[in-house]
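Thanks for coming. I will walk through one model today and keep to what can be computed from its atoms.

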Amino acid sequence: MAMELEHTCGYTKEQLLAVRGEEPVQGFEEFWRKQYERATTCKLDYTVEGKVWSPNPGTTIYKVRFIACDGFRIGMWICRPDVSLGGQIIAHGYGNPAVPDAGRSPGLTIAMPCVPGLGLSQCEEIPWQGRYHAAYGFHDPEKYVLIAGVRNLWTAISIMIDMFPDVKENIVCSGGSLGGAMGAMCTAWDPRIKAAELNVPTLGGRITLDYPGNEDDPSYTRVSLAKASEQGMRTFDLCSAASAARYIRVPVLVTPALSDHNVPPPGQFAVANSIPEEYRILRIREVGHHAPTEADQLLEENELEPIRKKIFKLS
């Protein structure tokens, strides 16, 4: 299919495969190990508010609230099948996240915490519109909303294990778009995670400074704040999925797109190509954030689904 220039950022497939993210900034590893410790050592404080209707027979859906280590109240969904083969933590993207699709990874107990300010985690302090949400706490990496979102993924894993201890031997991570970036950062530092799937990931590091998008995009906000001050660039660099991907040490199915009108492909490939080769299972989509092409549909059926089943130990 023909690719529109603005959706490819002028890159060919060969050029995208050659993209490499920059070296992590000084203190990157120490910062993120501190975040993991912060999230996993705070006392679990959660409430199961009840159950909601499930479209999947044999799966129970729980609505859960917990207090994050920074004090925010976070809402999440947990989907529990009658027979569970492990646990899956899902990092979602922008929009209004609904109950996760338990049919996509049948047999896994799913936990999906909502990013602070979005979905079940909406609150008075944090804007839910993307361009404003992306700015919340940007002045301080410890308070930045997307970094807090990664910490909450780790807390959610702890809650899932507390509720259903049988999942701990096979925990996997999935995410797309913003969730793909957060999934990379989550997987890089958590030894409990055994495999991951990252689809069209954002937060590809400094290469994305050249492709901010339009003024309504969260990426435009992040790029503008990064360029405005030294501290802003520090937060931008620490919140880099491309840098985090270098530290991943488990099998990862990663699917960047050649053409995408929302997330610049060079950033997607910066994340994908930064995963160490021995752990990287790379498959390339024709388009991202768009209805799949016929080729992408065949890719899902013939390659992605079998790979997913294998690395998630579903077969």
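First, the ground rules. This is a predicted model, so local features need pLDDT of at least 70 and side-chain atom pairs count only at pLDDT 80 or more, while totals for chains, interfaces and linings use all residues. Residues are numbered from 1 along each chain as its sequence is written, and side-chain values use heavy atoms, with hydrogens and water left out.

Now the sheet. Helices (H or I, at least four residues) and strands (E, at least two) are DSSP runs, numbered from the N terminus. Two strands pair if DSSP finds at least two bridges between them. In general, strands of a sheet pair through backbone hydrogen bonds, either parallel or antiparallel. Here nine strands make an open sheet with mixed pairing, in the order 1-2-3-5-4-6-7-8-10. Which strands are at the edges? They are strand 1 (46–52) and strand 10 (280–282), each of which pairs on one side only. On average, neighbouring strands of this sheet are turned by 20 degrees against each other, direction ignored. For angles in this talk, axes are lines fitted to C-alpha atoms, for helices over the stretch in contact, and the angles run from 0 to 180 degrees between N-to-C directions.

Strand 8 and strand 10 pair in the parallel sense, over three bridges. Val254 stands opposite Leu282 in strand 10.

Two helices on the sheet come next. Contact means heavy atoms within 4.5 Å. Helix 11 (residues 294–311) packs on the sheet and touches strand 7, strand 8 and strand 10; its direction makes about 155 degrees with that of strand 8. Helix 6 also packs on the sheet. Helix 6 touches strand 4 (87–91), strand 6 (171–176) and strand 7 (193–199), and its direction makes about 150 degrees with that of strand 6.

On to burial. Buried means under 20% relative accessible area, exposed means over 50%, and partly exposed is in between, with a 1.4 Å probe and protein chains only. How many residues of helix 5 are buried? The count is 18 of its 19 residues, so helix 5 is mostly covered.

In helix 8 (residues 230–238), the buried residues include Gly232, Met233 and Phe236. The buried residues of helix 8 pack against helix 3 (28–41) and helix 7 (218–228). Ser243 is in helix 9 and is buried, with a relative accessible area of 1%. Not counting residues up to four places away in sequence, Ser243 touches Glu22, Glu23, Pro24 and Phe28.

Next, the aromatic rings. Rings of Phe, Tyr and Trp (its six-membered ring) pair if their centres lie within 6.5 Å; planes under 30 degrees apart count as stacked, over 60 as edge-to-face and the rest as tilted. By this rule there are nine aromatic pairs. One of them is Phe138 with Tyr144, edge-to-face, at 4.9 Å centre to centre and 85 degrees between the planes. Both are buried: Phe138 has 4% relative accessibility and Tyr144 has 0%.

Trp189 and Tyr247 have ring centres 4.6 Å apart and planes at 40 degrees, so this pair is tilted. Trp189 lies in helix 6 (residues 178–189) and Tyr247 in the loop between helix 9 (241–245) and strand 8 (252–255), so the pair ties together parts 58 residues apart in sequence. Trp189 is buried at 4%, whereas Tyr247 is partly exposed at 22%. Separately, Phe31, Trp32, Tyr36 and Trp154 form one aromatic cluster.

Then the cysteines. A disulfide is a pair of cysteine sulfur atoms within 2.5 Å. Searching the whole structure finds zero disulfides. For Cys9, the nearest cysteine sulfur is that of Cys239, 19 Å away.

Last, backbone angles. Most residues other than glycine have a negative phi. His289, in the loop between strand 11 (285–288) and helix 11, has a positive phi of about 50 degrees. Lys313, in the segment after helix 11, has a positive phi of about 60 degrees. His289 is partly exposed at 28%, and Lys313 is exposed at 52%.
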